[in-house]
Each structure stands twice: as C-alpha cells, then as structure tokens.
Amino acid sequence: MGIVVLLLGFALWYASYYTTIAVWELRKLFAWFALPLLAVAGTAAGWLVVGLLRRRAGRGAGAGDAGVVLGCLGAVVGLGLTVGWLVYGSYLQDRAYMATARVVSEPVPALTARVPYVAGKAQAAPHLGDVTGEIADITYLPDSDRFATLVERRGWLAGYEVGLVQDVPLGGESRSQERCAFDVSVADARISGWFTHNLGRKISAQKRWVRFEADDAYVTCSSGTPVVVVPLKRQTGILVVTERPAGVALYDGRTGKLTVTTDTSAVPGPSYPISLAARQREGTAAVGGFSDWWFERNGWDASEDGANEGNESEFTLRYREEAGRSAYVTPLTPQGEASSVVAVSTVPTRHKGGGLAPMTVHRLDPAWSSPKALVALIKAEYRDVCCYNDDEVFEVVPTGGGTWTATVGSEQNVRYRVEGRGQVGGREATCLKAADGALIRCALAAPGSPEEAELKRREQEKQQQAGAKNPGDPGDLTAYTNEQLAELQRRMTEEIGRRLKAG
C-alpha cells in the first residue's frame, strides 16, 4: 500500500500541468461553496450531537424526529447560504479587483494614435511570403510601435513556424518588417500543443501553480531570434479567490529554452496580462455599495457599439510625452441604456511586483457621443472622404486630454483620421486630419483647442495675402507727413498719365 501511495504521489507531482489546472479549478469551487458546505457540516454535527445526547438519556425514540428537523433546517440554511454567497461573493471579488483603482476628474494623459488593430491584422497575411502555417496571434507592441504576428506550424505534434514583426505606419511610408523563423527541430512547443509539445506543460514543469491566457501571449524578434512572451498569473485568497501577475515565461524559438522570471524590465513588450487588466476594468461595477452593484446603479461598461464592436476594450496605446510607457486604455459607458462615453480607464502594460497594477478611471467633461453616433457623424460631415469603395471608420480610441481619434480608410491603407473633443453646445466638436496628423479642416473646432488656433492663423494669413494682392483704402491722410503726401501725389499723377496713354 505504501508503494502504491508513493507511486501515486510521484505521478501527481510529475503531472505538474494537470495538477496545476485541477488546483486552480478546485480552488475556485471551494471559494464558492465553502460557506454552504460549512453550514451543512455544522448542521450534521449538531444532529449527531443531539442524537448522541438523547441516546445517552435513554430517549432514542425521538432522535429520528430531531434528525429530520435538523436535516431540513440544514438543507434550507445551506441552500440560502449557497445562493447568497454566490451573489455576495461575486461582489467581493469585484471589490478585490477594485483595490488599486482611482476615479479622478483629471484628463487622460496624452496618448499616441496608432494604426487600427483591424488594419494591422489585415496586413499580416500578405507579408508572410511562403509560410504555410496558420496565424495564431496578432499583438500591437507599443515599445516599438509595430505589430507582431505569431504563426503556428501545421500538424498535431508541432510548435510555431515563424514570427513576423512589421511596421504598419499611420501616415508614413515605412513598410519595414522582420521575419524570424523557429528552429522546429528543438523549439517544437506551442500553447495548447499536444503531449510534450505543449508550452503550458513546460511552464508548469518550471513553475507550478501559475497559469496564463492564450490571448495574452505574443512574439517578438530579437536579432533574428523569435521569442514567445507569455505573461503569467497566480491565484490569491481563500473565500474570495482572485488573480495576480506572476512574471513572464520567455520561450526561445531557436534553442527551445524556456525562462520563467519575475524581472520583466527587459521584456520588449507588454508584461502585464491584458486579461487581468480587462478583469480589473470589469470590477468597476463594484465602485459603490452592494445594493448599487446588485441593481447596476454604479460603475461602467466597455463601449461596444459602432466602430468598436468586437474590439471595444483594452486598446494598447503609447504615452505621447513619457517615452517607454504605455497603457491598456478603454472608453467606458455607464451601466444601463446610455451609450455615450463618459469615462476612460487606463492600466499600465508594465508593472513591478506581484500585486495588481494601478487602474485609473478618468471622468470626461464633456462626455463623448457613442462610437456608433460618431461614425454616423463622420460620414455626414466628411462625406467627401468617407465612406466609399472599401473605406470605413475604424476604432474610436482615446488619445488623451479628453480627445478621441477615429481612423478612416481601408484595411490596407489608412488615409485620414478624425479627432474629436466631446460635445460643445450639444454638438460634437470634430476635425479632419491627414493620416500623419496634418489638419485639413474642422466641422466644429472646440473653443481654445489647438485646431481653432491653427484655423485662425490660416484665416489671418489668407487675409494678409489677399490684402497684398488687392490694396484697399489708404486710410486717414492726416497721419501722413508732407514727404509721404508728396510721394503719394507723384505716384497718383504717374498712374493717371499711364491710364490716359493706354486709352
């Protein structure tokens, strides 16, 4: 029997991947059903104690009735606790994710606009050349302002084939790209692979009890070497189980070496899991009390209509004035029927330590119209540039300072951008710009905005040029000196003589 137990324990320890999954799922179940199970256990213990006492007192005949009563009572209490804890536990979980959140009225820091994710995705396949694999992931890398594409090799017992990192410029001419191939003879693992070709199994073998989301992983190319970056997560808590960051796993595509580290300073891309940032943003529903959470009277939802449908949250954007910093940025609408964007949440893409990254919710004043309404507005106000043939409006994303940016064009060629600053006098203030940011015109320039100042400057230049070509009234002659009057008289006499000679 001892040998069997040892063998079973060795098998469980060796199967680190499956035991990690089992522990994660069982820990979630225990958190949900711990209190109801304790209530049932307490009722059963009470029933046993009452039965034992009655038996010792020689009144065993009534023990059955007491057992039935206690059993029914335990069932009712257990059911009530189960339902109540499932509800209240969800609220406590949201509150735990709100632990690092701040709600402020300050404007969003200035962010840099980028090519829409849809365009980055569409331009990946044409640049893969003779690669026969299938695209597994496309991720925007804010540090280098490039899009990374990870391609799986065909076959059950295969890993990745190639990584592609390319420039998809917004208003530029550069189309540089770097393609780095995996050495399939030694680096033959991938996420959700089979048997020993499973990257998750390799990660669990090095660091047990951590997991990850497949959508969080991405590829980078470093001097021709592909590196798969997998942000990791761990569980915390007993009755309220939540997730926390746990470093990253780096898989070298040339040597097959796997490195698990908590030092993410050298990672050439986001190291904080985007799925964790999304969960923190969802936790804003618990910004108020339990009754507000239950009746959905507080908090925000991701804006998910119009141009942002299907890609409505956690836009990865770079800070304009802070080199090397970037954030997951999400436009937010209030819970309920309202669809106007009233706030923007930001979570940094890099974070040190094992705690949650700080989340900031910036309230907007003025608020923005919904993305669906903004798309209709752009089509109405700039109908000469949008939308015909394959052109459409992509992504309404926050770009800081209370402004939003929507890009206009096709998946292969972004030609324009429209920037807005919220509602002014009941109307959305918008300006049309070239893809590189050069101002073209405004349907309504917000008072005090740089666009208004630029339009005034242009108007003054136009008036000055028109005045130079068409001189008007010379003004008050009393201000002229005797010499100036004499010069004016001479020029007038010459002009009259020239016209008389010309007939």
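# Reading a predicted fold: a tutorial

Mentor: Let's start on the surface: L26, L29, F33, L37 and L86 form a nonpolar patch there, with about 460 Å² of accessible area together. Please keep in mind that this is a predicted model, where local features need pLDDT of at least 70, side-chain atom pairs count only at pLDDT 80 or more, and totals for chains, interfaces and linings use all residues. Residues are numbered from 1 along each chain as its sequence is written, and side-chain values use heavy atoms, with hydrogens and water left out.

Trainee: What is a patch made of?

Mentor: Patches are made of residues with over 30% relative accessible area and no salt bridge; like charges are joined within 9 Å, and nonpolar side chains (Val, Leu, Ile, Met, Phe, Trp, Tyr) within 5 Å. A salt bridge is a side-chain nitrogen of Lys or Arg within 4 Å of a carboxyl oxygen of Asp or Glu. Accessible areas come from the Shrake-Rupley method with a 1.4 Å probe, and for residues only the protein chains shown count as cover. Here, helix α2 (residues 16–56) gives the largest share of the nonpolar patch, 4 residues.

Trainee: How many helices and strands does the protein have?

Mentor: Helices (H or I, at least four residues) and strands (E, at least two) are DSSP runs, numbered from the N terminus. The protein has 10 helices and 20 strands. Of its 503 residues, 43% count as buried.

Trainee: Which strands pair with β9?

Mentor: Two strands pair if DSSP finds at least two bridges between them. Strand β8 (residues 225–236) is antiparallel to β9, with 9 bridges, and T236 stands opposite T242 in β9. On the other pairing, β9 and strand β10 (residues 258–261) run antiparallel with 4 bridges. There L250 stands opposite T259, and V248 has T261 as its bridge partner. Strand β9 itself (residues 242–252) is mostly covered, with 9 of its 11 residues buried.

Trainee: What can I look for in the hairpins of β9?

Mentor: Look for glycines with a positive phi. The hairpin of β8 and β9 has 5 residues between the strands, and G237 takes a positive phi near 95°. In the hairpin of β9 and β10, also with 5 residues between the strands, G256 has a positive phi near 80°.

Trainee: Which residues have the most contacts inside the largest nonpolar core?

Mentor: In soluble globular proteins, nonpolar side chains tend to be buried together. A nonpolar core is a set of buried Ala, Val, Leu, Ile, Met, Phe, Trp, Tyr and Cys residues joined through side-chain atoms within 4.5 Å. The largest one here has 29 residues, and L199, I203, V228, V230 and L232 have the most contacts inside it. At least two residues each come from β4 (146–152), β5 (160–166), α5 (199–206), β7 (218–222), β8 and β9. The largest share, 5 residues, is from β8.

Trainee: Which residues is L199 in contact with, leaving aside its neighbours within four places in sequence?

Mentor: Contact means heavy atoms within 4.5 Å. L199 is in contact with A189, R190, I191, V228, V230, Y251 and L258, once those neighbours are left aside. Apart from this core lies another, of 26 residues, including V341, V385, W404 and A406.

Key
Buried means under 20% relative accessible area, exposed over 50%, partly exposed in between (1.4 Å probe, protein chains only).
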